[in-house]
Amino acid sequence: MSGTKTEAVCVLEARASLGECPVWDERGQALYFADIHAPALFRFDPASGALGRWDLPAKPGSFALAAEGAGAVLALASGFARLDFASGTVAAIANPLAGAADHRFNDGGADPAGRFWAGTMHGSGRRATGKVFCLEGGEARAVFDGFFVPNGFAWSPDGARFYLNDSPRAMFVADYDGARGRAGAPYVFADVSAAPGYPDGMAVDAEGFLWNARWDGGGVARFAPDGRLERFVPLPVTRPTSCAFGGPGLDRLYVTSARTGLDEEVLAREPLAGAVFMLDLGVKGLPARRWRSR
């Protein structure tokens, strides 16, 4: 399997400045993703090519689709909020970043029970002042601190392992108690040098392997549950940001990417930077976990 050649297909020339957090909606058979710098949330229908957009009042680091109703929970620079898809209304939930204007939320995701987890980072990405929060029942609690750029936020198929990255340092994993929503102390799952570039967003497949977009690495890496690099799949862009399984059979890996920080020479070589790609890997994923507001 490690020698299988896979071609990346561009499904949407989004030209996103910082495309992030792809989430597949099984109900509507569509892919949602964010452009942090826009700032906006998008809905892409691969079957028709239709693209919807919701402009947001602050930068969205991440989001999860809601279990109840048509909407999503957002981790914005201004705090946690709920977006109603029908009206476009954004309603605040909690803001643990109040008084920290130099920080913003970054990546996040819903756990198997529907809690929403998201990490914060300093605007420079160079200070270990980021924290990881858990939003449950309208209340946000800090769980971890000391992060530079928290990324990833994925759970094993049985929910017993919680994966998260600190992009400049390493990929981490923690034992997870889903009943209580409690995570043990993170420990190193794979070193940053285990694959090209830096670890960014992630998705777990049905076999329990971890797929990781590699910022500045030009591809996605698949890691075995023991942290071993199983394969690396190149992409035609330097800065893939995150990935999610989708499609009718959950057997297509969608990958977002970024243009931000690339000079004109690099962009000339990478006209698809900021696009959304699809990989047919012969591997199935898991349904996206949804946020429960209570």
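## Nonpolar cores

In this predicted model, the largest nonpolar core comprises 19 residues. The members with the most contacts inside this core are W211, V220, L235, L253, V255, L279 and L281. Four strands each supply at least two of its residues: β20 (210-215), β23 (240-246), β24 (252-257) and β25 (276-280).

In soluble globular proteins, nonpolar side chains tend to be buried together.

## The open sheet β19-β20-β21-β22

An open sheet is built from four strands in the order β19-β20-β21-β22, and their pairing is antiparallel. Strands β19 (198-204) and β22 (229-234) form the edges, each pairing on one side only. From one strand to the next, the twist averages 25 degrees.

Between β19 and β20, the antiparallel pairing extends over five bridges. Within this part of the sheet, M202 stands opposite N212 of β20.

Strand β21 (residues 219-223) contains A221. The relative accessible area of A221 is 0%, so this residue counts as buried, the cut-off being under 20%.

Leaving aside neighbours within four places in sequence, A221 is in contact with A195, L210, W211, N212, R214, L229, R231 and F232. One of these partners, W211, is also listed among the residues with the most contacts inside the largest nonpolar core, while N212 is the residue opposite M202. A221 and F232 are eleven residues apart in sequence, and their C-alpha atoms lie 4.4 Å apart in space.

Key:
Residues are numbered from 1 along each chain as its sequence is written. This is a predicted model: local features need pLDDT of at least 70, side-chain atom pairs count only at pLDDT 80 or more; totals for chains, interfaces and linings use all residues. Side-chain values use heavy atoms; hydrogens and water are left out. A nonpolar core is a set of buried Ala, Val, Leu, Ile, Met, Phe, Trp, Tyr and Cys residues joined through side-chain atoms within 4.5 Å. Buried means under 20% relative accessible area, exposed over 50%, partly exposed in between (1.4 Å probe, protein chains only). Contact means heavy atoms within 4.5 Å. Two strands pair if DSSP finds at least two bridges between them. Axes are lines fitted to C-alpha atoms, for helices over the stretch in contact, and angles run from 0 to 180 degrees between N-to-C directions.
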